Amino acid sequence: MTTEIRSTTWVNTNHPAPAQKPPVTEVGPIGWLRANLFSSVGNTILTLVTAVALYFIVTGLVRWVSGAFWQPVWENRKLFAVGLYPVAQMWQPAAVLLMVSALFGLSAGRWGSIMRNLGVGLAALLLLFAIIPIGAQAQLVMAAGLGLLLIGYGVGARVPIPSRWLALGWVVSLPLTFILLGGGVNLPALGVRWQFAPFVEVNLWGGLMLTMLLAVVGIALSFPIGVLLALGRRSKLPVIKWFCIGYIELIRGVPLITLLFMGMTMLPLFLPSGWGNPSLLVRAMTAITLFSAAYLAENVRGGLQAIPKGQYEAADALGLSAFDSLRFIILPQALTKVIPAIVGQFIGLFKDTSLASLVGLLELVAVGKAVIQQPEWLGTPGGIAREVYVFIAVVFFVFSYGMSFASRKLESKLGFGKRQ
Amino acid sequence: MAGHAEDTDIIIVRNVNKWYGDFHALKNVSLTVKRKEVVVIIGPSGSGKSTFIRTINRLEEHQSGEIIVDGIPLTHDVRNIEAIRMETGMVFQQFNLFPHLTVLQNITLAPIHVRKMKKKDAEERAMQLLERVGIPEQAHKYPGQLSGGQQQRVAIARALAMQPKIMLFDEPTSALDPEMIREVLEVMEELAESGMTMVVVTHEMGFAKGVADRIVFMDGGEIVEIGTPEHFFTNPQHDRTKLFLQQILK
């Protein structure tokens with residue numbers, strides 16, 4: 001029925017009209033092709049050009065990958081994984097892997113959402129390395145990790161473990177990792193010396209394990225420091241405010257590599273004399289943490305600025321203390337708003353750990369450089385640098401993409417019914 | 001906290017002045033509100049109504065004069081400010097619900113963390129309040145999923161959950177679509193009947209006429225006229241009041 005637009009009064013007697021299916025050319029595969037690939041002459045040309053370019057890139061890549069010389073990467077897999085960590089004590093990194101797998105499983109079962117996504121990613125990796133013949137013992141460890149992850153998931157999904165305990169588990173897992181990898185606790189400054197296995201000096205830690213440690217410690221420590229700096233920058237107390245501004249601007253004005261070198265040479269100057277010389281690893285971690293915290297503070301500040309004044313007023317009017325208002329109202333909202341920025345920054349931090357290779361830490365990139373220098377590959381035509389760096393790039397990509405994927409999941413989960 | 005001059009006066013405001021920079025926003029404002037009284041403040045925009053109501057729970061700081069709420073003098077002392085805020089609930093024009101918390105969490109947050117109520121008790125009470133404002137079925141939704149009128153009713157429930165002695169309403173219906181104003185006003189009317197002390201800034205003349213014990217007319221940062229609804233709508237004295245009522249009632 002069409003509207004009688006010439007009449008003064010008109011009543012739609014056909015209301016409500018039955019809904020009809022859209023025309024076939026608009027939906028389905030044909031509609032999709034038309035709308036997305038061939039909607040205009042220009043669009044059609046673009047589609048064809050892209051298809052040709054893709055063809056060359058993909059075939060070229062496949063040809064290179066299948067013909068490339070992967071033996072150096074394969075034979076040095078232990079070096080890429082853990083660096084020079086003593087073979088006799090490999091059960092210690094294995095224990096860390098099992099601990100993390102179990103924690104992931106429990107968290108995925110208990111919390112679901114992004115922990116489940118990350119857990120699936122980890123499970124896929126563990127499964128992959130349990131199947132690839134990297135070595136019977138290592139495969140066994142991977143399979144055990146997968147088993148623990150699945151058991152943890154089952155337990156977490158059924159037993160209502162308090163979230164607090166699980167969070168505490170994660171917090172404790174970090175120092176525990178250091179103790180497990182180190183073979184004990186050796187802190188001469190505090191007069192503590194306890195060991196369950198021969199001490200493994202940190203200069204022997206390396207490879208992906210060290211890259212992960214640098215990144216995780218950097219993220220875990222820079223997050224609270226960054227939040228405090230962001231809050232401090234908005235403080236009404238001038239001393240705190242100006243200290244935070246000074247810190248943030250100073251650090252942001254300096255390249256990370258400079259901070260790393262300064263950490264190597266200058267950190268001992270700032271520590272009490274009895275503390276001796278912190279290890280290379282601690283110095284690099286300090287530099288990375290302090291660097292990341294300054295950037296994080298600026299991201300968090302952006303989130304804080306986006307919170308409407310009404311939220312503070314509502315919290316005040318309810319009688320919430322300033323601390324409770326921050327804890328329950330302001331920070332949860334501010335941090336949610338800047339998840340993409342924060343995760344982006346953490347991905348950056350993860351990749352920036354490669355700079356630690358320049359100050360003598362044997363992380364993934366440094367291992368790669370060492371492998372390229374190994375005498376047995378010197379005669380290889382064209383060298384082996386391409387294979388090694390492509391391998392390292394793939395490793396970085398897998399973890400960076402995992403983080404980015406998790407961040408998108410987290411964002412959509414925390415969207416709280418978009419209308420506002 | 002005891003020792004009130006007159007026990008029936010729950011809010012005492014004496015000669016309050018406030019400036020924004022050089023702008024004199026409140027000029028010697030004085031008002032006393034009795035227990036269980038409903039006072040409606042009307043006036044043109046920019047007349048200082050909102051500023052005035054917001055000084056009562058220190059969302060705005062006044063520079064001179066005296067404010068005493070339920071015997072507690074409003075000073076710079078944070079303990080006094082927090083004590084007064086526990087006694088006064090506030091409802092805002094823009095609702096100001098916490099978007100990251102469910103309706104139930106919005107209501108129970110302050111009782112749990114300020115009044116130190118047990119979570120279970122707080123939730124029970126929250127459900128009673130949601131029942132009272134007519135939307136118990138929305139308890140587990142987020143504010144963003146509710147209509148404006150529903151959000152404002154949640155905001156009222158949230159304020160009531162702290163068991164305040166006074167409720168302050170700052171233009172509670174001004175941001176609502178016309179068809180939702182009624183549902184919020186009905187909740188406020190029921191609240192007034194239950195004996196709650198209320199100070200309401202509003203443009204709803206029907207509400208002022210029907211519910212207010214006294215109406216306060218403000219203009220240019222001053223109180224111009226105070227009277228009963230009958231006095232206001234039949235026999236306003238000041239020229240400024242007459243002009244305003246003429247404009248608004250047309």
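**Interface and helix packing**

Reader: How much area is buried between chain B and chain A, and what share do carbon and sulfur atoms give?

Author: Buried area is the accessible area (1.4 Å probe) that two parts lose on being put together, summed over both. Between chain B and chain A this is about 2100 Å², and carbon and sulfur atoms give 62% of it.

Reader: What kind of model is this?

Author: Residues are numbered from 1 along each chain as its sequence is written, chains are lettered from A and ligands numbered from 1 in the order written, and side-chain values use heavy atoms, without hydrogens and water. Local features need pLDDT of at least 70 and side-chain atom pairs count only at pLDDT 80 or more, whereas totals for chains, interfaces and linings use all residues, for this is a predicted model.

Reader: Which residues form the salt bridge between the chains?

Author: The contact (heavy atoms within 4.5 Å) takes 28 residues from chain B and 21 from chain A. One salt bridge (a side-chain nitrogen of Lys or Arg within 4 Å of a carboxyl oxygen of Asp or Glu) is counted between them. With closest N and O atoms 2.5 Å apart, the partners are R54(B) and E313(A).

Reader: How are α6(A) and α7(A) oriented to each other?

Author: Helices are DSSP runs (H or I, at least four residues), numbered from the N terminus; axes are fitted to C-alpha atoms over the stretch in contact, and angles run from 0 to 180 degrees between N-to-C directions. Helix α6 (residues 113-131) and helix α7 (residues 136-158) of chain A have axes 8 Å apart, at about 150°. Angles under 35 degrees count as roughly parallel, over 145 as roughly antiparallel, 65 to 115 as roughly perpendicular and the rest as oblique. The two helices α6(A) and α7(A) are therefore roughly antiparallel.
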